[in-house]
Structures are given as C-alpha cells and as structure tokens.
Amino acid sequence: MAALSWIKRLDLQRSVIYFGFLAIFLFFAATLHDDGFLTTRNLTNIVLQTAPATIMAIGLVFALSAGEIDLSFGSIVAVSALAAAVAMQNGPMVFGVIAGLGAGVLIGAFNGVLVAYLRLPSFLVTLATLGLFAGIARSMTDLRSIPVINDTFTGFFGSGKLLGVPSLVIWTVAAVAAGHVLYRHSRFGAHVLAVGDNARAAQVSGIKVPRIRLMVLTLCGATAGLAGLLYAGRLQAAKYTLGESDLMTVIAAVIVGGTALNGGKGSIIGALLGSLMMGMLNNGLILMGLKVSDQMIVRGVIILVAVAVSLRDTRR
Amino acid sequence: MTATPVLSLNNIHKAFGGVVAIKDFSLELFPGEIVALVGDNGAGKSTLIAIVSGLHRPNSGEILLDGETVSLSDASSARSRGIEVVYQDLALADEQPVFMNMFLGRELTRKPLGLLDKSRMRRETQTMLDQLDVHIPSAGSKIRDLSGGQRQGVAIARATHWASKLILLDEPTAALGVAETAKVEEIVAALKERNLAILIVSHSLDQVFRLSDRICVLRRGVQIGVRSTPETDKNEIVSMITGVHA
Ligand SMILES: Nc1ncnc2c1ncn2[C@@H]1O[C@H](COP(=O)(O)OP(=O)(O)OP(=O)(O)O)[C@@H](O)[C@H]1O
Ligand SMILES: [Mg+2]
C-alpha cells in the first residue's frame, strides 16, 4: 500500500523530466562512450558549466510560480559580472560580491516595483529591462572584457575546491537545497504558490500579494547576480556577452522541470534536472562533432519537443 | 434585545466611480443569530460582504464590532477580529492541497527553523472535515480534483474553523445538489449553537425561510427593509426584492 501511494504521488508531470533526463543520458552514454562522455571529468564539467543556469532557474521557478515571469536575467548576469569586476579592480573581494549581488538585487527590485505596484505585466517590464540592461552592460565598459585577477574571488566563485569538491558544485547544491526548502517548506513558498494559483484567494487570506510579486522578482535578480559572480569567477573575466545565451536554456530547463507557465505549480529539483539535461545536451552535441549551426537546430527541436510534452502534463 | 451586537453597520455608503453599490445601509447582528441578505443580481450583496471582510472601504459610515468602532483596512484585519467569509467564488487555490487552503495565510510552522508543519496541518484538516462530515479523498488532495460540493465543503469548513465572532456566507449553496445543500444548511444551523453571528446571502427564498431569524432586503443598493422571518412571508419578501406589489 505504501509503495502504491508513493507511485501515485510521483505524478506524470514530474516523471517527464526524470525520463527525459535518463533518456538523454543513456543515449549519449551509449553513442558517445568512446568520445569520453561518461568520464568523471566530462560529467563534472557539465555540472560546472550549468551552475549559473541552474541558479537562475531557481529564481525563475519562484517567479513563474507566483504567476510572473522574468526575462531580464539574461542581461542582469552581464551587468552583475561587470559591476563585480570593476569593483575589484581597486578593491577587495567583498566589494566585488556586494557590487555584483547588489546590482542583481536592485535590478530585480526595479522590475518588481513596476510589476507589483504599478501592475505592469512582468512579461513586458522584463522584456524592456532585458534590452535596457543589455545596453547598459555594453556601454559600461565600451564592449571591453574586464579581467578578474582577485584569486580569492576566482577560487570562491570559480575554480576553487573545498575538500576536493569544486566550488561551483557546492554553489549548485547549496542553492538548490536552499531553494527547495524555501519553495516547499516555508510560508513564503506557500504564499508564492497561492498568489500564482489564485491571487484573489491569496489576497482575501491576508497574504500581501504585491509584496510577494516584488519579492519573487527581486529573488530572480539576486540569482542572476549570483550567476554573474559565478561566470566572472570561472572565466576570470567579465564581458557584456555573459548570460546572453542563457535565456532560452533557463526557461526551457524550468518548464521541462515541471513548472507551470501560468503559476501555482513548480519544482526546484525538476529545474535542477532540467538544467542538467540542457547541459548534457550541449555537451553531447559538441562531442558528437556537430557544427554550431546544426547544434542549434537539434537543440531547438529537442527543447521544443521536451517543452511540448511537459506543458501537456503541466496544464490543467 | 439588550445584548451588544457583534456587528453594527451604520449608514454605510459605497460607490464605484459613479455607480452607487450600497446606499445608507444600517444593520445589527447579534450572537447566535442568522440574518439573510436577499436581493436581485447586482443589488450590492457581495459588495456589502466585501466591506465587512475588509476588502472594500466604505466611502462613509461606521462599522462597529462588539460595540467598538473599527477600521477594516484589509482581509487580515477582519480575520484577526474573528470574521470569516465564504466567498461566492470560494477563494480556493486550485493547484494546492486541501490542507494548504485550510491554513492559507496562517500556516502552522515548527520551531526552531519556522518551516511548515505539513503533517500537523494535514491532521488538523482531516479533523475539521470529519467534524463537518465533509468527505474528500484525503487532506492532501488538490482542490482541482474535488467536486463542486466538496470544494464548497472545504471553504465552509475553513470559515467555520477560524471564525470566533461572525461568519459571512455569499451564496454558499449556489452550485450544490439537494443533499449537499441540506448538509450545508445543517452546518449553518449548527453554527448558531456556537453563538456565532451569521450573515448569509442566498437567492433561494425557501432556504432563507428555513434558516434565518431575520431577512434584510436590498434593491439596487438601497436597503428596502428588515423583517423578522416568522412575521413575514415569501410574498412580502418577493415584492420587497422586486419592488412590484402583488
Ligand atoms: N469592484 C467593482 N468595481 C465597480 N463596480 C462594482 C464592483 N463590484 C461591484 N460593482 C457593482 O456594484 C453593484 C453591486 O454588485 P454586487 O456584486 O455587490 O451584487 P450582488 O448583489 O452580489 O449580485 P449577485 O447576486 O449577482 O451576486 C453592481 O452594479 C456591480 O456592477
Ligand atoms: Mg454577489
């Protein structure tokens, strides 16, 4: 009986991501065995490369669950990384961390105020700020790349290790764990879901709906800011192009991971698996030796199928 | 009656832009009393409920709870004073489990981390539903998987559990079958025993006459009158609602 209820709880919407993840993994494991797909090094690399996307995906799960969306994270990443790099040119690591995270939080809060208190649609607000901050990232440094030479910073947010575990893995695990607990086991998470599910029900239950909207968009900014720090740490430089290509990856990861586009429902663990799945896909297609243009086409088709299947099950 | 009314509304006025929804409305509700609010569509019944539940501020007029003037600025302020509402649209979050809806906005948490105490909310929800004889597959079922009657049962159980003074019910049996309606009426009648004051909006005059102690009639925002249920009849109420004298 216990087993039966356990199987029931593992509803279809979640199992899509488990099957998809497993199918892609097995496919590459079989076809790319001789190309080193299964080596510890390659698998670790996938986790390292997806760390920023996974962390942004966590923020997006909260935004979508509250019935909002954030598209601006694609350019918040670059602004945060550049802000951190510039701050560390003449200052210690703390300056970089404060500048990077601060930029993310401020831009997120800016989106949040427009959405929560002026009731502008988040889709339009964050589409506009995506462009706005992409422009600001370009003009901040005249399109130049800014090196990050602070070793403590690059160790902490990039190439460092703790007890043999790469710091990016630690960041990923910590962020997913914290995100999951906040989402599933805190009052905040419950209120986010209620607002996205039925904003009126949330309001008459005494939940401060605008505050929740402000907070999820600020959280998105913060996760994009952290992603910016991770990029700057791993690449030891910041450039306006950072995060540009993450927009589609992160949205696809979150949707494939079982988060509803219209709010009230989602999964942080699903988003992690979705993000890893996107990472495997990138990695496998490169190892297969496909041209960049062919990679884009194949990836696009696979994402389309995956998103279509997940949405069929996520929709009510 | 010499007891202090639980709720007194004095000269309440509410307009939306140019539309006057409630005009100069006054009513007193006493503990253990059921008052029915009747009127045609658009008469202003839901607006009045929204005013007492803190969702709308009246343009003028006074609200007194237990004889004290209060300002109900939002849903929390009404809830914290023991007022609960079963809304016309039920106000349930469809994708969330029953127990989370039961505790929406006042979730139980566990020390020391302040995380949700889901197992306790589940248990207490089951007890609340059992007490009212509302049958659902489990306290963990999603609202969306419940029937109309079950949803109504959840919304009513939620209100009756948390209310300590006053319950407002906006058409609580509108979507229900005969058996479910009888069940809801039984629950409402039982609330009298708990000495709660009850304001019920209903389009069913049969129901109004079965349940209420007094009947208050609204027509296009105007309070036409209040009658003691045993001293009136359907014809009088119908003509008050419609303005047509038989
Ligand atoms: N938020 C609002 N903004 C503008 N007008 C409103 C608003 N809420 C209600 N009204 C108007 O106030 C009047 C009363 O509406 P209300 O919903 O209170 O009626 P009701 O008696 O509950 O009707 P029903 O029996 O159909 O539920 C209507 O004319 C309605 O259009
Ligand atoms: Mg109404």
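Which side chain has an N or O atom 3.0 Å from an oxygen atom of ligand 1? The side chain of B:Asn41 does.

The model is predicted: local features need pLDDT of at least 70, side-chain atom pairs count only at pLDDT 80 or more, and totals for chains, interfaces and linings use all residues. Residues are numbered from 1 along each chain as its sequence is written, chains are lettered from A and ligands numbered from 1 in the order in which they are written, and side-chain values use heavy atoms, with hydrogens and water left out.

View 1. A polar contact here is a pair of N or O atoms within 3.5 Å. The side chain of B:Asn41 supplies one, at 3.0 Å from a ligand oxygen. A backbone N or O atom of B:Gly42 lies 2.8 Å from an oxygen of ligand 1. For B:Ala43, a polar backbone atom is 3.2 Å from a ligand oxygen. Taken alone, ligand 1 exposes 630 Å², and the protein buries 61% of that (Shrake-Rupley method, 1.4 Å probe).

**View 2. The shell around ligand 1.** The ligand is surrounded by 13 residues, each with a heavy atom within 4 Å of it. The closest are B:Gly42, B:Gly44, B:Lys45, B:Ser46 and B:Thr47. H1(B) gives the most to this shell, with 3 residues. By type, the shell holds 3 nonpolar, 7 polar and 3 charged residues; Gly counts as polar in this division.

**View 3. The magnesium site.** The magnesium ion (ligand 2) is coordinated by B:Ser46 (OG) and B:Gln88 (OE1), at 2.0 to 2.4 Å. The pair links distant parts of the chain, 42 residues apart. B:Ser46 sits in helix H1 (residues 45-52) of chain B, and B:Gln88 in the loop between strand S6 (83-86) and helix H3 (98-102). Helices (H or I, at least four residues) and strands (E, at least two) are DSSP runs, numbered from the N terminus. Donors are N, O and S atoms within 2.8 Å of the metal (3.2 Å for Na, K and Ca); water is not among the atoms, so the site may look incomplete. B:Ser46 is partly exposed, at 31% relative accessible area. B:Gln88 is also partly exposed, at 43%. Partly exposed falls between buried (under 20%) and exposed (over 50%), with a 1.4 Å probe and protein chains only.

View 4. A:Val181 belongs to helix H8 (residues 167-185) of chain A. A:Val181 is partly exposed, at 34%. Its C-alpha is 22 Å from that of A:Ala199, 18 residues apart in sequence. Chain A averages a pLDDT of 91 (the predictor's confidence in each residue, from 0 to 100). Confidence is lowest in helix H1 (residues 2-9) of chain A, at a mean of 51. Where pLDDT is low, the predicted coordinates should not be read in detail.

How values were computed. A polar contact is a pair of N or O atoms within 3.5 Å; within protein, one must be able to donate a hydrogen and the other to accept it, and residues adjacent in sequence count only if both atoms are side-chain atoms.
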